[in-house]
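Welcome to this guided tour! Open your viewer, switch to a cartoon display, and follow along one selection at a time.

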Amino acid sequence: MAEKFKRRNYFIDKNFQTRFMMKFGSIIVLSSLLILGGILFFSSDSNTVAIENTKVTVKRTSDFILPIVAINLTVVVFFSGLGVLALTMLVSHQIAGPLFRLRREVDLLQRADFRRDFHIRGNDQLQAFAKSLDAMCRSLKDKHLGLKASFNSLSKFIRDRNFHIAAKDADQLLTLLDHLQVELDNFKT
């Protein structure tokens, strides 16, 4: 069973996560401004009769509703902004966290450390990518083990003969070299 990873830091890639959250937050602010502008624009040619402080007054509808709409939009922007902020932080965390971990594992794989584990948490994004990296690591590890086994067989053969190869051993030496060549051919360069 894969080790369960717990992250304590929700801001793993601050630059990426901040830009991610700002983009969604700006959509809310722009949408609210468009709603406010639309309401004021479409109500600009109409008048409203209102009773204020026991006086009947006639005002342009846009002047009458502007304070009410502005307060409502401010409240909506504030609370929806908090919701979007929390949601985008969680989603960006589920993207940035696996990327950080996979990058660290790839860095170690570059040093030919095939003991790497690319499993990521079940609810994180990039599951398919992590599985592909894990399959690649296993494949490289298997090819490396095959190459190592072929080399060890060849090395043992030569050492057992004290580095003197007789003509009668030529066929066996060629077989071992062919196995080694097959293992080397697994790597395309």
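This is a predicted model: local features need pLDDT of at least 70, side-chain atom pairs count only at pLDDT 80 or more; totals for chains, interfaces and linings use all residues.

**Stop 1: the whole protein**

Select everything and turn the view around slowly. Taken along the principal axes, the C-alpha atoms fill a box of roughly 120 × 30 × 25 Å. The protein has a radius of gyration of 34 Å, whereas a compact globule of 189 residues would have one near 16 Å. Now colour by burial, if your viewer can do that: buried residues make up 25% of the 189 residues. Contacts along the chain are worth a thought too. Among those between residues at least 6 apart in sequence, 54% join residues at least 24 apart.

**Stop 2: helix 1 and helix 2**

Next, select residues 14–42, which form helix 1, and residues 61–110, which form helix 2. Their axes come within 8 Å and cross at roughly 160°. Angles over 145 degrees count as roughly antiparallel, so helix 1 and helix 2 are roughly antiparallel to each other. Helix 1 passes helix 2 in a right-handed crossing. Sorted by class, the contact between these two helices has 21 nonpolar, nine polar and no charged residues.

**Stop 3: a glycine in helix 1**

Stay with helix 1 and pick Gly37, which is found there. Is Gly37 buried, partly exposed or exposed? Its relative accessibility is 35%, so Gly37 counts as partly exposed.

**Stop 4: helix 3 and helix 4**

For the last stop, select residues 127–160 for helix 3 and residues 170–185 for helix 4. The axes of helix 3 and helix 4 come within 9 Å and cross at roughly 160°. This pair is therefore roughly antiparallel, and helix 3 passes helix 4 in a left-handed crossing.

Show side chains to see who makes the contact. On helix 3, look for residues including Lys143, Leu147, Phe151, Leu154 and Phe157. On helix 4, the partners include Leu173, Leu176, Leu177, Leu180, Glu183 and Leu184. By class, the contact of helix 3 with helix 4 has nine nonpolar, five polar and two charged residues.

Methods: Residues are numbered from 1 along each chain as its sequence is written. Side-chain values use heavy atoms; hydrogens and water are left out. Axes are lines fitted to C-alpha atoms, for helices over the stretch in contact, and angles run from 0 to 180 degrees between N-to-C directions. Helices (H or I, at least four residues) and strands (E, at least two) are DSSP runs, numbered from the N terminus. Angles under 35 degrees count as roughly parallel, over 145 as roughly antiparallel, 65 to 115 as roughly perpendicular and the rest as oblique. A crossing is left-handed if the near helix is turned anticlockwise from the far one by less than a right angle, and right-handed if clockwise. Ala, Val, Leu, Ile, Met, Phe, Trp, Tyr, Cys and Pro count as nonpolar, Asp, Glu, Lys and Arg as charged, and the others, Gly among them, as polar. Contact means heavy atoms within 4.5 Å. The radius of gyration is taken over C-alpha atoms; the globule rule is 2.2 Å times the number of residues to the power 0.38. Buried means under 20% relative accessible area, exposed over 50%, partly exposed in between (1.4 Å probe, protein chains only).
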